Amino acid sequence: MTDDVLSRAGHAARTHVEPGWVDISATIKQRLRTITRRSRPIRAATDDGITLFVTDHVLISALRRAIAELRCELDRVQLICDGDTCTGAVLHLVTSYGQDLHEVARHVRSTAYGVFTDLLGPIDPPFGADGIDIVITDLTTDSDHH
C-alpha cells in the first residue's frame, strides 16, 4: 500500500506543471542561448601597428567591469562592426533613479571609449566617444546603483 501511494505521488509530481513554468523556462533558454553563443573576433592593433584579434566576449566583459565601477549595470551591448572592425556600440544600462542621466551617459561613454582604446589599440577607422550610444533601459532604487 505504501509503495502504491508513493508511486501515485511520484507520478503526480512528474506530471504537474507549475503555473508560469513554461514562460520561465523559455526565458531561461533564451538567456542560455545568448550566454553560450560563439564569440566574434574584433580587429585590434598594437601601438606599433601589428594586427591581432580580441573576441567580443573579452570586450563586453571588460565593458561590464568598467561600467560596474561607475555603479551602473550594463544590461545589453550591441557592437557595431564593419566586417571585423568595431565602428561603434550601443550600450543599454540600468542605473539608479534620481541621477542626472546626461551626466551618467557622459561618464559611461567616456569610460567605454577608454575600454575600446585599451583593448583595440589605435582604432582604424577611428570612432570617438560620440560613436557610443547610451540607452537607459531601467532605473532602480537599489542603493547598489549610484
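Is R106 buried or partly exposed? With a relative accessible area of 45%, R106 is partly exposed, where buried stands for under 20% relative accessible area, exposed for over 50%, and partly exposed for values in between (1.4 Å probe, protein chains only). The structure examined here is a predicted model, in which local features need pLDDT of at least 70 and side-chain atom pairs count only at pLDDT 80 or more, while totals for chains, interfaces and linings use all residues. Residues are numbered from 1 along each chain as its sequence is written, and side-chain values use heavy atoms, with hydrogens and water left out.

The protein has four helices and five strands, taken as DSSP runs numbered from the N terminus (helices: H or I, at least four residues; strands: E, at least two). Along the sequence these elements follow the pattern α-α-β-β-α-β-β-α-β. Of its 146 residues, 27% count as buried. A contact is defined by heavy atoms within 4.5 Å; among contacts between residues at least 6 apart in sequence, 55% join residues at least 24 apart. The protein exposes about 9800 Å², of which carbon and sulfur atoms supply 53%, with accessible areas from the Shrake-Rupley method and a 1.4 Å probe; for residues, only the protein chains shown count as cover.

Buried in α3 are D56, L59, I60, A62, L63, A66 and I67. Viewed down the axis of α3, the buried residues fall within an arc of 160°, so they line one face of the helix; the arc is that of the directions from the helix axis to the C-beta atoms. Their packing partners are β1 (41-45), β2 (51-55), β3 (73-82), β4 (85-96) and α4 (101-120).

Two salt bridges are present in the structure, each being a side-chain nitrogen of Lys or Arg within 4 Å of a carboxyl oxygen of Asp or Glu. One joins the side chains of R43 and D84, at 2.9 Å from N to O. Because R43 lies in strand β1 and D84 in the loop between β3 and β4, this pair ties together parts that are 41 residues apart in sequence. R43 is partly exposed at 34% relative accessibility, and D84 is partly exposed at 23%. The other salt bridge links the side chains of E103 and R106, at 2.4 Å from N to O. Both residues lie in helix α4, three residues apart, about one turn of the helix. An α-helix has 3.6 residues a turn, so residues three or four places apart point the same way. E103 is partly exposed, with a relative accessible area of 30%.

I80, in strand β3, has a relative accessibility of 34% and counts as partly exposed. Leaving aside neighbours within four places in sequence, I80 is in contact with T85, C86, T87, G88, A89 and V90. The C-alpha atoms of I80 and G131 are 9.2 Å apart, although 51 residues separate the two along the chain. L139 is in strand β5 (residues 132-140) and is partly exposed at 37% relative accessible area. Together with Y97 and L101, L139 makes a nonpolar surface patch of about 310 Å².

Note on methods: Patches are made of residues with over 30% relative accessible area and no salt bridge: like charges are joined within 9 Å, nonpolar side chains (Val, Leu, Ile, Met, Phe, Trp, Tyr) within 5 Å.
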